[in-house]
4 protein chains.
Amino acid sequence: MPELPKEAHYGLPEVFGAPEGRLVANPGCYPTAAVLALAPVVKRVKVSSVAINALSGVSGAGAKPTAKTHFVSANENVSPYGVADGTPHHRHTPEIEAVLRRVGKVPEVTFVPHLLPISRGELETIVVDLEDSGDLPEAWDVLGWYAEDYQGWAFVEAREEVPQISHIVGTNRARLSAAVDRRAGKLLLFAAIDNLLKGASGAAVQNMNLALGYPEDTGIEHLK
Amino acid sequence: MPELPKEAHYGLPEVFGAPEGRLVANPGCYPTAAVLALAPVVKRVKVSSVAINALSGVSGAGAKPTAKTHFVSANENVSPYGVADGTPHHRHTPEIEAVLRRVGKVPEVTFVPHLLPISRGELETIVVDLEDSGDLPEAWDVLGWYAEDYQGWAFVEAREEVPQISHIVGTNRARLSAAVDRRAGKLLLFAAIDNLLKGASGAAVQNMNLALGYPEDTGIEHLK
Amino acid sequence: MPELPKEAHYGLPEVFGAPEGRLVANPGCYPTAAVLALAPVVKRVKVSSVAINALSGVSGAGAKPTAKTHFVSANENVSPYGVADGTPHHRHTPEIEAVLRRVGKVPEVTFVPHLLPISRGELETIVVDLEDSGDLPEAWDVLGWYAEDYQGWAFVEAREEVPQISHIVGTNRARLSAAVDRRAGKLLLFAAIDNLLKGASGAAVQNMNLALGYPEDTGIEHLK
Amino acid sequence: MPELPKEAHYGLPEVFGAPEGRLVANPGCYPTAAVLALAPVVKRVKVSSVAINALSGVSGAGAKPTAKTHFVSANENVSPYGVADGTPHHRHTPEIEAVLRRVGKVPEVTFVPHLLPISRGELETIVVDLEDSGDLPEAWDVLGWYAEDYQGWAFVEAREEVPQISHIVGTNRARLSAAVDRRAGKLLLFAAIDNLLKGASGAAVQNMNLALGYPEDTGIEHLK
């Protein structure tokens, strides 16, 4: 049934609204953080470059025991991955691009994930160039865009403080922040989620709630 | 004696040669990794943007017990730092720029450090834009530049394989690699060092050896 | 007001019942695990030796940043502590002895705590000798004693499976098990709690609930 | 060739001397720590009870990726193991007993291993009862026995300070200490080794050196 994916609603309700229809495509964990951080930006300013540096705990690499997920391999280590034959390619890159392009014009995205010695949690540090450097906003402008777009949604919050993994582990929350490097003319975005909750099963419960007409936090109130 | 810093030789011998004179300025850990990865590039191609995403173990935050270095704060956490008032600023950014500009033309550098739950080790993932996208090299070209520039030096090695912290912990080695994101027109550089050795005391011993006319690895042969 | 401690009810309700009077003494984390594991035993058989090997996460060492709680000191390390001048002494040893002696005859207890590189959680492995080796029970007998004594209490559970820290972290639960080394004539008891919950604030809420006449799990139902 | 094991020299040279003959049986990691700590004691006093609480890093569980060695299983966790059907049994228990009985009279040993979230290193905390409580030594006496028996051997050291894993990781050293709980009439012994060196390959090199007539530390001088 190759037609089914086309029918599915992309389950990031804070950007695309409550699911409609009978199918919901639950987003990947990396795209969840990236799209939440970038959508309000690409909607408002013309972006010429996006480089995502992503850090993920080992549960992001799956439950299967492998050489890579062995404690002794991952512990006291950090490894960039998704680079082969001298080229970065990760299956989430096209998902990030395709989804963001429903919101605004977006160039090819550079995405470099790294595996970290933590059990769960994901942090993305995103460097954005604007087409017109005169458009470079203030950090507070971006926080305002987040506040406007995500108003009323329980599980996305933007703060002046740069997010840390510890802010969101064990919750269904995405935490966002922004900074501006005016010297270099770059906008920096930060997003943190728990890959096992907002990046996976937590988002699925939230989508189910919305699809069935319940409040989005039914049964997951304590994960806010 | 404010004139002393001007007299000092910048102690990154693989780029600036063996120390001469009576003073050596031992580089900071972040600049060591950044300059080793970037110098051969900025010497050869015109670079229009440099964004450094740096990951450091907790020993990089100093031996002083603080709220930030407490085990429970750092464990199972990752925290970007060096961002204040919505702007990134870290004391190592001007060092990186000033030193690289002795080698080639370099734009303002964006530098975002992150604290990781490992004891030691540092990894930098560097995204570089070129002034002329037609200059975008192959990953193998960059490895060739590294091989050429660092030939004969014991403690810098470039490999096709992307470096991990575990490749260099407990050694005085800097390990470099490169990738090219041709879709997005970006060059990616990777550098890993042990901040307590090549990023600090190991480099100091290496500089001392060279300043005194000894082989650079005297007494630290086992740290290769 | 030195008379107050005498008036206080020892707040381990599964052993000493719901608090009465106006004062509750919330138990230390180590005594909570030790007394829950040992009380049903010393009530039923004559014990001639008790040696407690205790393992604790770094939050058990307090929130104060010290050389010992610095990430780099605690990480990749395990350190026995509470030994000085060639003698073990920890302030919780007399608490364990005094409280257990309200239940049965108990010899001087040997208690050796160790600091582990985990944020939270506590595991005690307790080796018990009996006065009369003919009294040595089966592991299943001890599980039966636990079932009998802790029936109806929400936060203590005994299982055949040996407890791990991961079974109880983030919960107010104490998890117990037992084994018998018939060759050596010893009874082994295992207890695991989260020192920040059942070993501290979780127990305090549970005690407050009981003191005020509420169900013991009011407000902490999700920590079962 | 079932007769070969009988011919082999037990490769713990500090207790049994330099290997003779053509076969050396390299000891298990747990027995190495236990026998080094206990041999000087059982040689001198009559021991009535030995309970070994052993803590091991994940490399002790083997290089094979399994559910147990997956980072997410081992991290932030501690798990006692080697207990089944309510009884402790670990393949190293009979090795410990058999080897110690070549030195003195030794009762059945209780041995409980625990898996810890560190990559390497092993710590044993051993509780010993004496047949005649009047024989209970001072901690300093035991340090003196260690000094006497291990004099001239490079890789065993006894100190007043209780050993930590960090004292020996990356070395071929065994570090020992002792304490006396006079209240409870018990002797406490502590031993720490790196299971990958003194507990495995480091010991093998040391044995090979001795078997071939070289100094024991040839090629491993830097692991002292």
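A few ground rules come first. This is a predicted model, where local features need pLDDT of at least 70, side-chain atom pairs count only at pLDDT 80 or more, and totals for chains, interfaces and linings use all residues. Residues are numbered from 1 along each chain as its sequence is written, while chains are lettered from A and ligands numbered from 1 in the order in which they are written.

Let's start with the sheet in chain A. It is an open sheet of 7 strands with mixed pairing, in the order β4-β7-β3-β8-β11-β10-β9. Strands here are DSSP runs of E with at least two residues, helices are runs of H or I with at least four, and both are numbered from the N terminus; two strands pair if DSSP finds at least two bridges between them. At the edges of the sheet stand β4 (79-80) and β9 (156-158) of chain A, each with a single partner strand, so one side of each has no neighbour in the sheet.

Now look at strand β7 of chain A, residues 109-115. Buried means that 20 or more other C-beta atoms lie within 10 Å of a residue's own, exposed means 12 or fewer, and partly exposed is in between, with C-beta atoms placed from the backbone. By that count 7 of the 7 residues of β7(A) are buried, so the strand is largely enclosed by the rest of the structure. A:V109, A:F111, A:P113 and A:L115 point one way from β7(A), and A:T110, A:V112 and A:H114 point the other way. Strand β3 (residues 47-56) of chain A runs parallel to β7(A), joined to it by 7 bridges, and A:A51 sits opposite A:T110. With β4(A), β7(A) pairs in the antiparallel sense over 2 bridges, and there A:P80 is opposite A:H114.

A:Y81 is partly exposed, with 16 other C-beta atoms within 10 Å. Leaving out residues up to four places away in sequence, A:Y81 touches A:P113 and A:L115, where contact means C-beta atoms, placed from the backbone, within 7 Å. The C-alpha atoms of A:Y81 and A:L115 are separated by 7.3 Å, although the two are 34 residues apart along the chain.

Next, find helix α6 in chain B, residues 139-150. Its buried residues are B:A139, B:V142, B:Y146 and B:Y150. The face turned away from the buried side carries the exposed B:W140, B:A147 and B:E148. Covering the buried residues are elements including α2 (13-16), α3 (29-42), β9 (156-158) and β10 (174-181) of chain B. After α6(B) comes B:G152, with a positive phi near 90 degrees.

Chain D has its own α6, where D:A139, D:V142, D:Y146 and D:Y150 are buried, and D:W140, D:A147 and D:E148 are exposed on the other side.

Finally, how many residues does each chain bring to the contact between A and B? Chain B gives 42 residues and chain A gives 42 residues.

Definitions and conventions. Two residues are in contact if their C-beta atoms, placed from the backbone, lie within 7 Å.
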